[in-house]
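This briefing is intended for a reader who is new to the structure shown below. The points that follow are grouped by topic.

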Amino acid sequence: MTLDLDAEVARLREQVAALHGELVRYNLVAWTAGNVSARVPGRELMVIKPSGVSYDDLRPDNMIVCDLDGVVVDGDLSPSSDTAAHAYVYRAMPEVGGVVHTHSGYATAWAACGEAIPCHLTAQADEFGGEIPVGPFALIGGDDIGKGIVATLSGHRSPAVLMRNHGVFTIGRDARSAVKAAVMCEDVARTAYLARSLGTPVPMAQADIDSLYHRYQNVYGQPGP
Ligand SMILES: [Zn+2]
């Protein structure tokens, strides 16, 4: 590898290892389930979690570098069992720089019911621009999960999909954005569940959802330098 590529991969190994800590911090994962990956910008490569390693033992040096067919390029361990799904998304969606998968409890409950999360909250309009959609049932191994993610999220505002009877996949322009989407997806799924338990959530006007989404995506936050 060239010096530049080495430095970029080292940076992403560090970032991807650290972002796994966020999945734990926000209570999105149990045991070794869940995974984060990052595309190496401008390269046919990604950095992803090793399979079956405790979250406490994840470090930059045991992250795995794979090509976008899921073949290990650098790393001593086997990559995540969801590597094929991550790789498929990177091949099909060039704008995506990060992918996250969890079985976070509330969001996965909606996935178990095969039900999209309707948009009844401003926070959901901000982040997801509408409902959080359900993707098809797909068995692990091969490209079926990746195909389901891409088919559901292509042309959709939501960076999160609830894969039916399985769990959450999120995408982002980088790995940190995809982790944020996974955190916000679980937060919204929980509140939507609580609202449904209390009564009948009140629908929001599409124009309001559009306005909130536009503001949050384009205006919210600190001004740039
Ligand atoms: Zn899974």
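In this predicted model, helix α5 is followed by Gly155, a residue whose phi is positive, near 75°. Helix α5 itself spans residues 144–153.

**Helix α5**
- Helix α5 is largely enclosed by the rest of the structure, because 7 of its 10 residues are buried.
- These buried residues are Ile145, Gly146, Gly148, Ile149, Val150, Thr152 and Leu153.
- The elements that cover them include α2 (83–92), β6 (134–135), β7 and β8.

- Distant parts of the chain are linked by the pair His101 and His166, which are 65 residues apart.
- His101 belongs to strand β5 (residues 98–102), while His166 sits in the loop between β7 (160–163) and β8 (167–172).
- Both His101 and His166 are buried.

**Annotated domain**
- An unreviewed UniProt entry places the feature "domain: Class II aldolase/adducin N-terminal" at residues 14–193.
- Over residues 14–193, the chain is 37% helix and 19% strand, with its end C-alpha atoms 35 Å apart.

**Surface patch**
- Tyr106, Tyr193 and Leu194 form a nonpolar patch on the surface, and together they have about 270 Å² of accessible area.
- Leu194 is located in helix α6 (residues 175–198).
- The relative accessible area of Leu194 is 37%, so this residue is partly exposed.

Conventions. Residues are numbered from 1 along each chain as its sequence is written. This is a predicted model: local features need pLDDT of at least 70, side-chain atom pairs count only at pLDDT 80 or more; totals for chains, interfaces and linings use all residues. Side-chain values use heavy atoms; hydrogens and water are left out. Helices (H or I, at least four residues) and strands (E, at least two) are DSSP runs, numbered from the N terminus. Buried means under 20% relative accessible area, exposed over 50%, partly exposed in between (1.4 Å probe, protein chains only). UniProt positions are given in the numbering used here, feature names are shortened, and annotations may be inferred rather than shown by experiment. Patches are made of residues with over 30% relative accessible area and no salt bridge: like charges are joined within 9 Å, nonpolar side chains (Val, Leu, Ile, Met, Phe, Trp, Tyr) within 5 Å. Accessible areas come from the Shrake-Rupley method with a 1.4 Å probe; for residues, only the protein chains shown count as cover. A salt bridge is a side-chain nitrogen of Lys or Arg within 4 Å of a carboxyl oxygen of Asp or Glu. Contact means heavy atoms within 4.5 Å.
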